[in-house]
Amino acid sequence: MSRKSWRSVKEIRIADVARLAGVSTATVSRVLSEPGKVRQKTHDLVMEAVRRSGYIPNSTAQKLRTRRTMNVLVVAPRLTNPVFAEILRGVDDELTQSGYGIIIGNLDNRREREARYVDLALSRQVDGVLLLTGYIPENGARDMRESGLPIVAVCAAIDDDKIPKVVVEDREASRKAVEYLAGLGHRRFGYISGTPGSIIEHERFGGFREGIEATGCGQDDFVRWEGPFVFATGVAAAESFLRMKDRPTGIFAACDESAIGFIKRIREERIRVPQDVSVIGFDGIEFADYTEPTLTTFRQPLHELGRAGADVLMKLIQDDMKPEDWNIRLPLTLLERDTTGPVLHKDYQSLRRSSI
């Protein structure tokens, strides 16, 4: 780049953007500092002028004027989980439109890592917090609420009326999973749990129990295998399944990862899916599209969860959110694929160790 062209980019002023967009400099300033308070048409017009002109806002001056950091903290249990990765993508897409950056706090399922992110919030180095944890992070006797920052729970609700939540219909989907299997003739079920004690596991197992009751089955008609939301939980459940004499024919896994782990292990022993056992997952992660056979699952609107959560947080930061709009529940979609089918054994008790 020549010296002349380099200087032309550096010397572009906010007035140049205003002239190009056909608006006042005050309007440009508002679009850049408080995008939620301008009309979408005006926002798009100004941002197009910014793009065309190559104008680079003075972020330091902007932060001093607004007394904001222009950053949001997002705390996630485990970034290697594709569910959280997709939610974060949605969060970032929404925050970018509002001129905000994202600081990711990865707990890696270790509670001792919470303290650093609590301190980040208490020192007001961010303007708000999105929690994907299902609980409030703590540092000794102090927790993140003491920061006074806006906090939004995404994916997993938090038991606090002052914290908005953006979640999915976990309980309803889990109940429908059992009813779907029962509609295929299954009468003996298996449930592969999620992380014990988590609000998501509580909701999904609650829905599963409701489905069992709705189909006229009881406590003796299902078995529950417990473990965290990981592939290994499904593998461990499969090991137990293979040792059983009276095996369930309909399996519902609280996450796709454990469903995939379960299927992989039982197929190694030549158990057929879905001929010998049907399996439903939960999440709709991309991996489920490429398993063999492809996984029947309830797909969460993960990207939309992230965007909606970030949108709620932005409105809270701008003091533009009504309490009656704090609780958002998004529906799930059942993707009927190749891991579910009708019962081929009229009497489930005849299904023994397979030699097929």
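Guide: Arginine 224 is partly exposed at a relative accessible area of 30%, where partly exposed lies between buried, under 20%, and exposed, over 50% (1.4 Å probe, protein chains only). Its side chain meets that of glutamate 226 in a salt bridge, with 2.7 Å from N to O. The term salt bridge stands for a side-chain nitrogen of Lys or Arg within 4 Å of a carboxyl oxygen of Asp or Glu. Glutamate 226 has a relative accessible area of 54% and therefore counts as exposed. Elsewhere, salt bridges with shared partners link Glu239, Lys264, Arg265, Glu268 and Glu269 in one network.

This is a predicted model, in which local features need pLDDT of at least 70 and side-chain atom pairs count only at pLDDT 80 or more, while totals for chains, interfaces and linings use all residues. Residues are numbered from 1 along each chain as its sequence is written, and side-chain values use heavy atoms, with hydrogens and water left out.

The structure has 26 salt bridges. Another of them joins aspartate 160 to arginine 145, with the closest N and O atoms 2.9 Å apart. Aspartate 160 sits in the loop between β6 (151–154) and β7 (165–168), and arginine 145 in the loop between β5 (142–143) and β6, so the pair ties together parts that are 15 residues apart in sequence. Strands here are DSSP runs (E, at least two residues), and helices likewise (H or I, at least four), both numbered from the N terminus. Aspartate 160 is buried because its relative accessibility is 16%, whereas arginine 145 is partly exposed at 41%.

Arginine 110 and aspartate 108 also meet through their side chains, in a salt bridge of 3.7 Å from N to O. Arginine 110 is partly exposed at 39% relative accessibility; aspartate 108 is partly exposed at 33%. Side chains of opposite charge can pair when their charged atoms come close.

Where pLDDT is low, the predicted coordinates should not be read in detail.
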